[in-house]
Amino acid sequence: MIKEFALSLSNRHHFHESNKMSQLEGTPQDTFMSLWDYDKYVIEFFNKKKKLAGFDGLIYMPDELILDVDGKDVDEAKFKTLMLIELLYKKQIPYQTYFSGRGFHVNIPGSAFKWEPCKDLHLKVKDMLTGIGVYKYADPSVIDKTRIIRVPNTLNTKSKRWKIPLTETEFRSFSLESIKNHPRGDFKYPEMKCDPVFNVLERDKKIEKKEPIVTTELGRDPDPTNYTCIQLMLKGVGQGSRHMTALRLGSHLRWRYPESVVRLIMEDWRQRVDKHSVPFTKEELDKIITSCYTANENSGYNYGCSDSIKDSLCQQTCFLYKSKKNQSVMTATDMENVLIDFYTSNVKPINFNQLYEQVKSFPVYPGEVVLLQAPPKSMKTMLLMNWINSFKKNTYMMELEMSPRQMMSRFIMIERGWDEEDLEVHYSRKKNGLDVDFSWLQVDYNSCYPYEIEKRIQMLPEKPEILVVDHLGLLRSRMKDNNMKVEEASQVLTELAVQYDLIVFVISEITKSAFYEGMNIASSKGSFRVAYNVNKVLSLEPLFDVKEKSLIKGLKLESTANREKETLYVDLSLDGLRLVG
């Protein structure tokens with residue numbers, strides 16, 4: 001039989017008898033061989049094509065088939081290898097483990113397969129091994145028919161470590177510090193022979209039927225902004241991913257709760273994923289949880305958002321979603337998935353056509369910032385109070401101009417249609433109970449720095465759906481320049497809207513020139529960047545009485561800028577404190 005050998009990744013296509021592999025051991029450089037064996041046709045094909053891509057000849061089972069296991073670090077690779085050899089043990093397949101210089105290789109005897117040479121032998125083997133769960137742990141790409149893999153006892157020049165064979169004891173107690181960094185030419189390999197376990201004479205694409213994943217709703221749905229990957233894992237997983245999931249759940253809980261609480265939660269989870277046909281025992285779970293505390297010299301595991309399993313469960317509602325490094329560059333597929341998530345998640349906007357009949361549609365979605373710009377004393381706060389009282393969604397309002405007495409009296413008059421006399425009559429009799437109409441409202445009267453708003457939101461008993469800031473210029477800042485001050489504030493609010501899936505309404509005063517010349521996208525006080533940061537800019541213009549020029553008789557509201565296609569133009573009249581379209 002013939003193998004391809006490579007003296008580096010760029011120095012391939014050396015064809016020799018398979019037994020020449022032993023002559024290359026001890027080479028202090030990257031040295032590779034083909035995973036599969038070939039006949040002489042491989043040389044003819046290469047001489048004709050000058051490449052192996054598209055090789056159409058027969059491939060043969062090697063004496064030992066190599067399974068490649070990697071991870072984000074050696075500890076994760078070791079854990080995955082443990083799961084793999086446990087699976088092989090149950091199938092009574094002998095194996096030999098190697099440290100590859102970065103992860104591990106697991107060799108199994110070719111005699112474990114009942115096979116014959118054919119062009120798609122690699123696909124038959126892949127289907128069979130996938131069916132028993134091997135590629136939950138090993139890299140499935142290594143099975144390709146022209147794949148090369150590192151020769152034992154050769155140097156991995158990236159890690160500066162050798163690929164070396166390990167005894168069972170050495171693997172179980174493996175650490176980078178425990179191995180001797182040199183080839184092991186005198187290693188005594190155990191004899192690996194077994195009767196055929198797998199029949200790959202015919203390609204059967206049918207994978208072993210797995211028990212369906214049964215998920216359990218854990219009470220009411222948790223807040224979708226908090227670790228959505230962990231929430232999905234806690235609902236339950238199917239056979240083949242229980243151990244890896246348990247490791248991530250245990251590591252997540254280990255850093256947040258006492259060990260007794262961690263074990264309580266994990267035992268409840270184990271009982272829900274345990275199957276009679278494929279049990280997941282207490283002893284298995286105990287080993288996993290213990291490793292979450294004792295791995296990495298007793299510092300424990302800690303998986304971040306870049307972990308492949310957590311990343312596969314990531315959703316854009318999570319507050320960490322926008323902070324992930326891999327979100328800065330997205331492929332067309334990534335962006336299409338975001339689009340799919342948006343249209344399938346049934347995100348409901350607030351829509352101004354609920355307030356004003358003449359408006360066809362002017363939706364505001366979670367994650368958007370709406371800037372309301374207006375001159376001083378133009379009832380802009382009153383307009384916002386009308387809006388949020390109509391929508392009655394959980395609202396956190398930063399009111400930095402008016403007092404609690406003024407705010408509550410205005411909200412009640414808007415809700416009930418009262419005037420000040422009605423309010424006085426009600427409360428002079430020491431009546432109360434109107435607060436129940438505003439259970440959705442929380443008002444903060446203390447100014448803060450923009451970056452402190454996030455902390456205040458996190459401290460609320462329930463995450464708001466709407467954030468109102470009245471107004472932008474009254475937030476604190478260490479910036480002396482007013483342009484920089486409001487630019488900083490608008491940037492923070494934009495990030496908060498996206499990160500916490502909020503609808504943000506923010507009020508801004510306009511410049512003196514805009515007061516006299518009319519409003520446009522650049523009318524807000526401060527940097528022109530403010531208009532760029534927000535999603536929608538609404539302009540509010542007061543209409544004064546001809547005789548009493550200080551008396552506002554109506555308001556004109558229009559959309560000055562919108563990143564979407566909708567427009568808004570409404571004339572508002574006053575009905576007490578209600579602003580009616």
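Trainee: What does the chain average in pLDDT?
Mentor: This is a predicted model, and its chain averages a pLDDT of 85, with 94% of the residues scoring at least 70.

Trainee: Ok, sheets next. What is the strand order in the open sheet that has β4 in it?
Mentor: The order is β4-β6-β5-β11, four strands with antiparallel pairing. At the edges stand β4 (64-69) and β11 (164-166), and because each has a single partner strand, one side of each is left without a neighbour in the sheet. From one strand to the next, the twist averages 30°.

Trainee: How many bridges are there between β4 and β6?
Mentor: Six bridges link β4 to strand β6 (residues 104-109) in the antiparallel sense, and within that pairing Asp 68 stands opposite His 105 of β6.

Trainee: Which helix packs on that sheet?
Mentor: Helix α3 does, touching β4, β5 (96-99) and β6, and its direction makes about 15° with that of β6.

Trainee: Which residues touch the most other members in the largest nonpolar core?
Mentor: Phe 113, Val 125 and Leu 129 do, in a core of 81 residues. Helix α3 (residues 74-90) supplies the largest share of this core, namely eight residues.

Trainee: What is Leu 129 in contact with, leaving aside neighbours within four places in sequence?
Mentor: With those neighbours left aside, Leu 129 is in contact with Leu 65, Leu 67, Phe 113, Val 134, Tyr 135 and Phe 198. Apart from this core lies another one, of 43 residues, which includes Leu 384, Leu 540, Leu 572 and Leu 579.

Trainee: Back to strands, then: where does Leu 572 sit, and what stands opposite?
Mentor: Leu 572 is in β22, and Leu 555 stands opposite. Strand β21 (residues 552-562) and strand β22 (residues 569-575) pair in the antiparallel sense over five bridges, forming a hairpin with six residues between them.

Trainee: Which residue is the bridge partner of Leu 574?
Mentor: The bridge partner of Leu 574 is Leu 579 in β23; strand β23 (residues 578-580) runs antiparallel to β22, and three bridges join them. These two strands form a hairpin with two residues between them, and in the turn Gly 576 has a positive phi of about 70°.

Trainee: Changing topic: is Lys 310 buried or exposed?
Mentor: Lys 310 has a relative accessibility of 10%, and since buried means under 20%, Lys 310 counts as buried. This lysine lies in helix α10 (residues 308-312).

Trainee: What does the side chain of Lys 310 reach?
Mentor: The side chain of Lys 310 reaches the backbone oxygen of Tyr 303 at 3.0 Å. Leaving aside neighbours within four places in sequence, the contacts of Lys 310 are Cys 229, Ile 230, Met 233, Arg 248, Tyr 303 and Gly 304.

Technical notes. Residues are numbered from 1 along each chain as its sequence is written. This is a predicted model: local features need pLDDT of at least 70, side-chain atom pairs count only at pLDDT 80 or more; totals for chains, interfaces and linings use all residues. Side-chain values use heavy atoms; hydrogens and water are left out. A nonpolar core is a set of buried Ala, Val, Leu, Ile, Met, Phe, Trp, Tyr and Cys residues joined through side-chain atoms within 4.5 Å. Buried means under 20% relative accessible area, exposed over 50%, partly exposed in between (1.4 Å probe, protein chains only). Contact means heavy atoms within 4.5 Å. A polar contact is a pair of N or O atoms within 3.5 Å; within protein, one must be able to donate a hydrogen and the other to accept it, and residues adjacent in sequence count only if both atoms are side-chain atoms. pLDDT is the predictor's confidence in each residue, from 0 to 100. Two strands pair if DSSP finds at least two bridges between them. Axes are lines fitted to C-alpha atoms, for helices over the stretch in contact, and angles run from 0 to 180 degrees between N-to-C directions.
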